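Hello,

Here is the structure for you to look over. My notes follow below it.

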Amino acid sequence: MRINYQDTITYAQELDQQDKLASFKREFHHPVKKGKEVIYLCGNSLGLQPKNARVALEKELKKWAEKGVDGHFEGNDPWFKYHHTMKKTTAEIFGAKPLEVVIMNNLTVNLHLMMVSFYRPKGQRRKIIIESGAFPSDQYAVESQIKFHGFDPEQDLIELKPREGEYTLRTEDIIGEIEEEGDKVALVMLGGINYYTGQFFDLEKIAKAAHQVGAFAGYDLAHAAGNVPLQLHDWDVDFAVWCTYKYMNSGPGGTSGVFVHEKHANEKDIPRFAGWWGHNEEERFLMNSNFDPMIGADGWQLSCSQVLPMAVHRASLEIFEKAGFNNLVEKSRLLTGYLFYLMNLLIDKYGTEAIKIITPSNPDERGCQISLIIPKDGKKVFDALYNNNVVVDWREPDVIRVAPVPLYNTFEEVYIFYSILEKVLKDIRFKQ
Ligand SMILES: *Cc1c(COP(=O)(O)O)cnc(C)c1O
């Protein structure tokens, strides 16, 4: 679909008037600086606080105050069952079956737990393929797993690099590398959306290529969760992990989610690190010594549910449910498409020596984030934006990430960001 976007504020306001999701903005707290609401385009790093989070948290605090330990089993919303109440919406957002998902722990912890089960080097087959420039935590996690098994990341970690002069990876190159390494590959583990470039990988094709050489495919969906449409079950992904504090708005250090494909649901003998919360729920409190894992993703749980962070996450999921994830995706494409259009106007005006886009132009290959390279005085541009009440984020050496989020950002905000950036770029240019 080709849209004839226009670069005027009245046009942006018209789009807001037509936006059926516009009222959701008021369901979030927007930070205020210098007495004014900031233009918050940083949901890729930490999503804003939904107003219902406090209500949900207070409900659990009250329960704890009034019931103490009885809160685990009493009432119509006992803590014992808490993680189950998030399965339905989670499954919808991730294109999974309820049995395939569970909310638990934090992201990097879950990545390790998944690799315990799905990185099982044997003989020649011991390599992990990741994208070069993966999020540092993922890099550390895979390297330490390789070392844990007594191997050397220098040999057994393959990092996919873009072609000379390009910023993003081509699907054919990713698949080419998997095929070339063939039966030496144990695991393909990519970020679903690369945190730096905003590139959304073709997760289905990559999983298929991994399986064809006999490897597992697992994804870190930190930047994809709540951002892009996913079909983890149909794409035959073996496992996935994500955090909930970015686009899922569940608070700093909030809880995390895990997907394990149904085909592994009954593999009770799969190697795993076990804990009592993964044990057969019917018998959990009999305190047996024989571990009998729950079927599906639940069997990977270790500890009792972290009800307080989960209460915030559940409140956030309710907003997703109310808005409808497909509606959000539809708005997101229009909103980010608008940002993309406006950024291209700046490129036309000031040239690529002043500003470049490294995020793919194809809407199927990105979510809501657009990464800009500001080759000269990038940090100054970032600081100037910040001083103008715009919150985006800065990545060394020269990247500004901008993420309009369909739940709480408007077309007008995107326009205002553009007009401020335009002025900042102009000022810097004339100062030279
Ligand atoms: C945000 C992010 C993390 C952060 O990990 P935590 O365990 O939640 O601190 C890890 N990996 C990726 C790809 C991320 O985007």
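I start with the ligand. One of its oxygen atoms is 2.5 Å from an N or O atom in the side chain of K246. Taken alone, the ligand exposes 390 Å², and the protein buries 83% of that. Please keep in mind that this is a predicted model.

A ligand nitrogen atom is 3.1 Å from an N or O atom in the side chain of D220. A ligand oxygen atom is 3.0 Å from an N or O atom in the side chain of H223.

Which residues surround the ligand? They are L107, T108, F135, S137, D138, D220, A222, H223, Y245 and K246. By class, the shell divides into 4 nonpolar, 3 polar and 3 charged residues. Helices α4 and α5 (136–148) each supply at least two residues of this shell.

Next, the aromatic rings. The count comes to 20 aromatic pairs, with ring centres within 6.5 Å as the rule. One of them is F118 with F239. Their centres are 5.5 Å apart, and the angle between the planes is 25 degrees. This pair counts as stacked because planes under 30 degrees apart fall in that class. It links distant parts of the chain: F118 is in helix α4 (residues 107–118), F239 is in strand β11 (residues 239–243), and 121 residues separate them. Are these two residues buried or exposed? F118 is buried, and F239 is buried too. Note that α4 turns up here as well as in the ligand shell.

There is also an aromatic cluster. Y5, Y11, Y338, Y341 and F411 make it up.

Now the backbone. Most residues other than glycine have a negative phi, and most peptide bonds are trans.

- N249 is not a glycine, yet its phi is positive, at about 55 degrees. It lies in the loop between β11 and β12 (256–260). N249 counts as buried because its relative accessibility is 1%, under the 20% cut-off.
- D377 is not a glycine either, and its phi is positive at about 60 degrees. It lies in the loop between β14 (370–373) and α11 (378–387). D377 has a relative accessible area of 30%, so it is partly exposed.
- E396 and P397 are joined by a cis peptide bond, with omega about 0 degrees. P397 lies in the loop between β16 (393–395) and β17 (399–402).

Where does L41 lie? It is in the loop between β4 (39–40) and β5 (49–50). L41 has 1% relative accessibility and therefore counts as buried. From L41 to F320 is 279 residues in sequence and 19 Å in space, C-alpha to C-alpha.

Then turn to F118 and F239.

Best wishes

Methods
Residues numbered from 1 in each chain as written. Predicted model: local features only at pLDDT ≥ 70, side-chain atom pairs only at ≥ 80, totals over all residues. Heavy atoms only, no water. Phe/Tyr/Trp six-rings, centres within 6.5 Å; stacked < 30°, edge-to-face > 60°. Helix = DSSP H or I, 4+ residues; strand = E, 2+ residues; numbered from the N terminus. Buried < 20%, exposed > 50% of the residue type's maximum accessible area, 1.4 Å probe, protein only. Near = heavy atom within 4 Å. Polar contact = N/O pair within 3.5 Å; in protein donor to acceptor, adjacent residues only side chain to side chain. Areas by Shrake-Rupley, 256 points an atom, 1.4 Å probe, with all protein chains shown as cover. Nonpolar A, V, L, I, M, F, W, Y, C, P; charged D, E, K, R; others polar.
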